[in-house]
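Hi,

Here is the structure I promised to pass on to you. Please have a look at it first, and then read on for my notes.

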Amino acid sequence: MYTDTDYMKKALKLAEKARGQTSPNPLVGAVIVKDGRIIGEGYHHKAGEAHAEVLAVRSAKESVKGATIYVTLEPCSHVGRTPPCADLLVKEQFKRVVIAAKDPNPLVAGRGIKRLEEAGIDVTTGVLEAESLKLNEVFNHYITTGRPYVVMKYAMTLDGKIATKSGESQWISSESSRIHAHKLRGTLSAIMVGINTVLADDPRLTCRLEDYSSPTRLILDSRLQIPFDAAVLKEQDTAKTLIFTTEKADSSKRQHLQSMGIEVIVTAERDGQVDLQKVLQLSGTRGIDSILLEGGGTLNASALKAKVVNKLHIYLAPKLLGGDKALYPVRGEGVQHMHEAYGISNMEVSRIEEDVFIEAYIKERRSDAY
């Protein structure tokens with residue numbers, strides 16, 4: 001005998017299929033059950049296209065009247081690029097709607113549930129809510145703050161180094177870990193590095209996996225030191241590049257970059273560098289809902305200090321580099337006291353071949369001493 005949890009698990013798996021394709025919309029899956037049988041299912045494929053509930057109804061093998069629909073997120077109740085899904089469920093005369101999580105979007109925020117209940121439909125909420133919230137952690141953050149969700153990613157050795165004393169970092173992690181990281185690139189809206197990474201490594205910052213899109217490339221370069229032949233300035237048809245700089249940058253170089261088709265954004269300065277808080281605000285207004293930090297220890301330290309990091313993805317390789325001059329994942333001055341440390345929560349640890357993969361979240365910090 002299948003339970004609400006079983007059917008919701010299937011709906012969540014359906015939603016996951018569109019990972020990286022629905023921005024700025026959430027990931028949503030739906031399963032229709034009648035007389036103990038699944039008669040329809042669907043998931044939201046892409047922003048502007050039909051929602052999960054609509055596709056599930058269309059796929060139904062028989063009438064959905066009197067059926068139960070399992071949805072990973074509260075059905076929308078407002079008119080956007082598609083009609084309200086709550087109205088569709090009322091029209092199709094569903095007997096019951098089971099919802100994993102309420103929609104934090106102010107345009108919905110319980111209105112979809114209210115619409116269903118007013119129509120006499122039995123509504124159950126909170127089935128696998130935690131799983132649904134994690135599934136849409138990017139959407140939930142962006143829709144409530146207007147700012148991108150930030151994931152800090154790095155690979156390091158067992159002695160905590162991300163590069164040798166000469167700056168060599170290829171390759172600390174295994175090939176499987178690098179593929180795993182590229183998939184992350186392909187599911188987030190943007191990737192960010194500082195100018196030091198561009199000068200040291202000349203990265204392309206594209207996703208080179210089939211069926212994955214490349215993120216927008218964000219470069220922090222307060223003095224516009226970027227070479228005109230840098231790899232991140234190429235392949236603009238594959239991945240757009242935005243450069244954030246300050247008033248101290250050479251205006252003629254800015255004009256030349258713009259003539260190359262590169263958008264250069266002059267923004268505020270903090271501690272001699274581009275203001276990360278302002279960068280996130282401007283990125284959010286451009287529809288960028290998530291950012292992958294792939295810079296070095298300087299950018300990581302600045303991002304933590306600015307309190308913009310939400311999540312960590314760390315690849316721990318079974319190697320030792322040693323040396324005081326080898327590079328660390330977080331540089332800067334460091335904290336004075338242990339109670340000022342950045343706390344970590346909800347840490348999950350798994351294996352990727354010989355590497356250890358750590359996924360965790362940054363707790364709110366009590367001090368600005370970093």
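A word on naming before anything else: helices (H or I, at least four residues) and strands (E, at least two) are DSSP runs, numbered from the N terminus. The model is predicted, so local features need pLDDT of at least 70 and side-chain atom pairs count only at pLDDT 80 or more, while totals for chains, interfaces and linings use all residues. Residues are numbered from 1 along each chain as its sequence is written, and side-chain values use heavy atoms, with hydrogens and water left out.

Let me start with a histidine. His44 sits in the loop that links β2 to α2 (52-59). Its relative accessible area is 3%, so His44 is buried (buried means under 20% relative accessible area, exposed over 50%, partly exposed in between, with a 1.4 Å probe and protein chains only). Which backbone oxygens does the side chain of His44 reach? One belongs to Lys46, at 3.3 Å, and another to Ala50, which lies 3.1 Å from a polar atom of that side chain. Polar contacts here are pairs of N or O atoms within 3.5 Å; within protein, one must be able to donate a hydrogen and the other to accept it, and residues adjacent in sequence count only if both atoms are side-chain atoms. With neighbours within four places in sequence left aside, His44 is in contact (heavy atoms within 4.5 Å) with Ala18, Thr22, Asn25, Pro26, Val28, Glu49, Ala50, His51 and Ala52.

Now the sheet. Nine strands form an open sheet with mixed pairing, in the order β10-β9-β8-β7-β13-β6-β14-β16-β15. Its edges are β10 (263-266) and β15 (344-352); each has a single partner strand, so one side of each has no neighbour in the sheet. Neighbouring strands are turned by 20° against each other on average, direction ignored; the axes are lines fitted to C-alpha atoms, for helices over the stretch in contact, and angles run from 0 to 180 degrees between N-to-C directions. Two strands count as paired if DSSP finds at least two bridges between them. Strands β6 (residues 149-157) and β13 (residues 290-293) run parallel and are joined by 4 bridges, with Val150 opposite Ile291 in β13.

Strand β9 (residues 241-245) deserves a look of its own. How many of its residues are buried? The count is 5 of the 5, so β9 is largely enclosed by the rest of the structure. Thr241, Ile243 and Thr245 cover one side, and Leu242 and Phe244 the other. β9 runs parallel to β8, with 4 bridges between them, and Leu242 is the bridge partner of Leu218. The pairing of β9 with β10 is also parallel, over 4 bridges, and there Phe244 stands opposite Ile265.

Two helices are worth checking as well. The expected span of a helix is 1.5 Å times one less than its number of residues. For the 13 residues of α1 (residues 4-16) that gives 18 Å, and the end C-alpha atoms are 18 Å apart, which agrees. Tyr7, Met8, Ala11, Leu12, Leu14 and Ala15 are buried in α1. Down the helix axis they fall within an arc of 160°, so they line one face of α1 (the arc is that of the directions from the helix axis to the C-beta atoms). These buried residues pack against β1 (29-34), β2 (37-43), β3 (68-73), β4 (96-101) and α5 (129-135).

Helix α7 (residues 175-187) also has 13 residues and should span 18 Å; its end C-alpha atoms are 19 Å apart, which agrees. Its buried residues are Ser177, Ala181, His182, Leu184, Arg185, Gly186 and Thr187. They pack against β6, β7 (190-194), β13, β14 (311-317), β15 and β16 (355-362).

Finally, some backbone details. Most residues other than glycine have a negative phi, and most peptide bonds are trans. Here are the exceptions I noted:

- Ser23 and Pro24 are joined by a cis peptide bond, with omega about 5°; Pro24 is in the loop between α1 and β1.
- The peptide bond from Gln170 to Trp171 is cis, with omega near -5°; Trp171 is in the loop between β6 and α7.
- Gln93, not a glycine, has a positive phi of about 60°; its relative accessibility of 43% makes Gln93 partly exposed.
- Leu205 is not a glycine either, and has a positive phi of about 60°; Leu205 is buried, with a relative accessible area of 2%.

Best wishes
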